[in-house]
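Hello,

Here is the structure I promised to pass on. Please open it first, then read the notes below.

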Amino acid sequence: MNRTRAVGLTALAAAAALVLAACGGSSDTSSSTTAATSASSAGGGGGGAASVGSGTPGTSGDTITYAQEQEWYDYNPSSTSGSATANQVVVNQVLRGFSYVDNNAVLQRDTEFGTFEKTSDNPLTVKYTFDDKAVWSDGTPIGCADFLLSWAANSGRYNKDGTVNQPNATPANPSYMFDAASTAGLSQTQKPTCADGDKSVTLVYDTPFVDWQAALLTSVGGNLLPAHVAAKAAGTDTAGFVKAVETDDAATMTKIADFWNSGWTLDKAKGLPDASVIPSAGPYYVAAWDPGQSVTLKKNDKWWGTPAKTDTIVIRYISQDQQVSALQSGEVDVIEPQPNPDTNSALAALGDSVKADFGALYTWEHLDLSVKNGFANEKLREAMFKCAPRQQIVDNLIVPSNPDAQLLNSLNTMNFQPGYEAAAAASGFGAYAEPDIEGAKAAYAASGEAPGKAIRIIHVDPNPRRTNEVALIKANCDQAGFNIQDVPLATGPYGAARSAGDYDAALFAWAGSGLNGATPTLYLSTGGSNTAGWNDPDIDAALNQLSVSTNPDEVPALLTKVDQAMAKNFYSYPIFAFPGVVAYKNNIDGPVLNTTQTQATWNMQDWVRTG
Amino acid sequence: MAPFIIRRLFISFFVLLGATFIVYVLVASAGDPRNALLESTDPGKANKIAAMTRNLSLDVPIIPRYFAWLGGALGCLIGKCDLGNTASGAPVSGGLAVAMGSTLRLVVFALVIAIVVGVSIGMITALRQYSGLDYSVTFLAFLFFSLPVFWIAVLMKQFLAIKFNDWLKAPSIPPWVIVVTAVVAGLIAAGVVGGDRRRRLAAFGGASVAVALLMIYFAVTDWFAEPRIGPVAMIAMSAITAVAATALFAGFRSRIVLYATLVTAVVGVICYFALDSILADPTTLLVVGLLVLALIVGAGIGAAMGGLYRSQAVKACMLTAFGCGGLIFASQLLAALPAYSAKVNGVVVATIGATTPNFSGNFWETTLDQLGHLLLPTIAIVLISIAAYTRYTRSSMLEVMNADYIRTARAKGLTERTVVVRHGFRNALIPITTIVALDVGGLIGGAIITETVFGWSGMGKYFNDALKIPDPNAVMGFFLVTGTAIVLFNMIADITYGFLDPRIRLS
């Protein structure tokens, strides 16, 4: 009974299936047509097109994807917590300013954003004029209030307790209202005055400042931020804010500062802040953020300058050693991996489908000799200079990563900067390219030191390259009479040893920006980073003059004086600039290696797909 | 059970407390996060150091700092969590939640596959002990177990993603691939079937010819250019599902269960044709609803037709319904593949990330996008976990199958199927439960290498990044989540023992 019923049911079902199968033919075709239509609409590259969908080359609707390792976490790159490469990469072309440092670490004026001119040298007076058409992407004009917010935040003028500092008067225990990454430069200015809506502002310096052209820079720690957003969060408007600055109204300023400090900090759990909080003043605005995965920048229609060449830039977060395979698979178009023999051969294996731009970065390796410890004797330092296999270090350890790598012969000007040739020729470091063992022996003998003096070279561990550098130095300098000891230290102990000056020689790298405001701290006899005890009146004089030099043409000569004195005193020798590379698909045009810390996206508005 | 759970919770709490103290002190002593700033020429260096000191309370000695942190963390018990800030000043909880979500998405899928496949293979190799199949699986298990993930990952990216995507643009199957695949399939079939030489030979021949024919069909019709599950394939596969489900739950001694599953399969085939318009662009809710509905219908058919074998029939029909639902789902997914491929420029199998940025498409395309990104990391995790599961299941199953009660069961005259599935397998699962529970706890801690290599910012990467700084608050956030997970899953394992083994329940 059961069995017959089951068979009957089966038969019925089978019959039904056959009937439906007949209709199935038509439903099949209809489904394949929908598939085809959706495919073609995707090919057209509408707003919904995916990032890897390239759309039609060179037209609107195109997307270029860039791989970056460090994740975005703050819209305000000027605050202490936000001033990091990770954030600047995103806002390079979102928050522009009056000037920027280009890929070769040369300061450029951003005339599309606005103009500025020095109207007086004594006192140093600079007149800034925003472009007439300058507006935030929400339509609010850019003007006086935005300038004042940048000034109030980065001048260190307002203290948490509501008191106000005077120009150049740094309190003993500063507790500023605004957590600005840097107050250099603007702390020397007087409070600018302007009325809400003004398009031009005059800044008067109390004392001259070498980087005055970079006061409102598009860079890590200097971007202009939307004052109307901060004012709104503080319960007022731009006029109210301008008034608060004018009257030093502590209550309003505190609210503004609170927002400036943390209101633009991103919370992964909440996602991208509302568009009204993060308006743009550049060719792109931030359109989407997928924490841990990507940031999407779209063309800002309100941008008044040259429009971006590509509609959408997607920044994907990919660790450096995975970027080459992502480029190969077509998921990204532009990458900035760490150049090393492995990366280079992987890139080379991709052949013509990829273009790679190798070069040096503004991070230079050097060996500091401590006058306070093992190298108090000048003849010993001379011996150390003469036995240094600098060219060999570059050839053996850097050329495999950067085929064009050159020996660095200046501490203050990099190989890629204009004027390097002259600076290198004049510095005197060129004499110590190849080891001169005989000369080193003679200098060692003249020092009166017994042979076999132990020299501790400290460096951060693990770092195979530095271990190899020390090995090469030891192979040569031990012949001259030294007993070089490799002292690799973990970051913690290394930092402590270097800042306390507890070393005979320190092998490490400084990262620079192309600006000169920070140079004095490195070499001045009282400089905070000078822990080797260097003390030369020539260096101090040149650097003190540099700090207040407002004429860019004077700067190279002063830097050369510092180089010459560093070489003459045998204080420290440069070895190489770190290698860098930017690689991109051969159908992309525009990316260039950026030597400074702002990464390849510094010119993303010029990237374009060509085929 | 309740007092047991409460006692366990109580002890676990103090274990966790002690562990947090040790970990906190270790991480806080591991290094000073401010050291990274020492090599910077940044003019704002002093401010940054001050801010980091403030964010991490670095001016407070370690022990009081731990108790301050503990105070905030204990707030989690009353819903006022304060896990502190990271070195850059963001709240720990936000980043942790995102990392957690990402890891769960990655791990759950992989874990289910690893358990199902690993346990099945382990069981089969135990039943075919010392066969060619057993040796091959043992060899592969040890091979995968010992392979470094980063290396496998690189190979997979190159061959399963980049090369496969290129191949998919103009798919052609060379003859040698057909031959090799057919032979391998034949060998597997022969190994699984076992028995005397003639039986194995028949299995080998049958399987290899079937696979060869299938591959030739794929090659001739250019199936990979426009993949789909056609009506014939759907009918055949549904029938196979029905037969397999019957074999697993009831055997073929009584035909009633088979008829019930076949009816379910027929309903499934009808749905395959009928649901096309509904499934054109469904919502996730609709798909889940349909799956639940399918299970209910399956259970209904089983209950109605099962007669004396009702409970087996219900289970078998539900499995069949699930299988048919899966086939319909797969056929829709495959149909959406060409459109999806065009949208992502042919990058069907992704090498990096969790999704294509800003991808928008219908349900099937977004599902394909997620699956395409899950594929490689899942394989990486599965290959490694599967090796362990296979080995454990095999040895546990072998031990059980040699036990006295199995001999008794056989002596009673039970079918081999009943002996294996009801008496053997169930008991063999007990030790596996422990391993699975520990594994789940461990995997929630993230698969650091897999995540890094495939660009998933999950718990593993979160922990790794935090430790590099080192940022005690972030590390502790991570530790709190993983520690709790391990404690919880251990307890779940203990409770599961009770369900698997009545003796444990009663004591």
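A definition to start with: two strands pair if DSSP finds at least two bridges between them. Helices (H or I, at least four residues) and strands (E, at least two) are DSSP runs, numbered from the N terminus.

Now the ground rules. This is a predicted model, so local features need pLDDT of at least 70 and side-chain atom pairs count only at pLDDT 80 or more, while totals for chains, interfaces and linings use all residues. Residues are numbered from 1 along each chain as its sequence is written, chains are lettered from A and ligands numbered from 1 in the order in which they are written, and side-chain values use heavy atoms, with hydrogens and water left out.

**Strands in chain A**

Start with a hairpin. Strands E8(A) and E9(A) form it, with 3 residues between them. A:Gly292 sits in the turn and has a positive phi of about 85°. E8 covers residues 284-290 and E9 covers residues 294-299. The two run antiparallel and are joined by 6 bridges. A:Asp290 has A:Ser294 in E9(A) as its bridge partner.

Next, look at strand E12 of chain A, residues 354-369. E12(A) pairs with E16(A) in the antiparallel sense, over 12 bridges. There, A:Trp364 has A:Ala577 as its bridge partner. E12(A) also pairs with strand E15 (residues 505-511) of chain A. That pairing is antiparallel too, over 7 bridges. A:Leu369 stands opposite A:Ala505 in E15(A).

**Aromatic rings**

Rings of Phe, Tyr and Trp (its six-membered ring) pair if their centres lie within 6.5 Å; planes under 30 degrees apart count as stacked, over 60 as edge-to-face and the rest as tilted.

A:Phe508 has 0% relative accessibility, so it counts as buried. A:Trp510 is buried as well, at 3%.

A:Trp534 and A:Tyr571 make a stacked pair, 5.7 Å centre to centre with 20° between the planes. A:Trp534 lies in the loop between helix H15 (519-523) and helix H16 (537-547) of chain A. A:Tyr571 lies in the loop between helix H17 (555-568) and strand E16 (572-585) of chain A. The pair therefore ties together parts that are 37 residues apart in sequence. A:Trp534 is buried at 3% relative accessible area, and A:Tyr571 is buried at 5%.

There is also an aromatic cluster, whose members include A:Phe98, A:Phe116, A:Trp303 and A:Trp304. A:Phe116 has a charge over its ring: the charged end of A:Arg109 sits 4.0 Å from the ring centre. (A charge sits over a ring if NZ of Lys or CZ of Arg is within 6 Å of the ring centre and within 35 degrees of the ring normal.) A:Arg465 lies over the face of A:Phe578, at 4.9 Å from the ring centre.

**Salt bridges**

A salt bridge is a side-chain nitrogen of Lys or Arg within 4 Å of a carboxyl oxygen of Asp or Glu. The whole structure has 26 of them over all chains. One joins A:Asp538 to A:Lys568, with the closest N and O atoms 3.6 Å apart. It links distant parts of the chain: A:Asp538 is in helix H16 and A:Lys568 in helix H17 of chain A, 30 residues apart. Both are partly exposed, A:Asp538 at 44% and A:Lys568 at 47%.

In chain B, B:Lys169 and B:Asp166 meet at 3.7 Å, N to O. Both lie in helix H6 (residues 149-169) of chain B, 3 residues apart, about one turn of the helix. B:Lys169 is exposed at 56%, whereas B:Asp166 is partly exposed at 45%. B:Arg34 and B:Asp32 form another salt bridge, with 2.8 Å between the closest N and O atoms.

Back in chain A, A:Asp62, A:Asp333 and A:Arg609 are linked in a network of salt bridges.

Best wishes

Notes:
Buried < 20%, exposed > 50% of the residue type's maximum accessible area, 1.4 Å probe, protein only.
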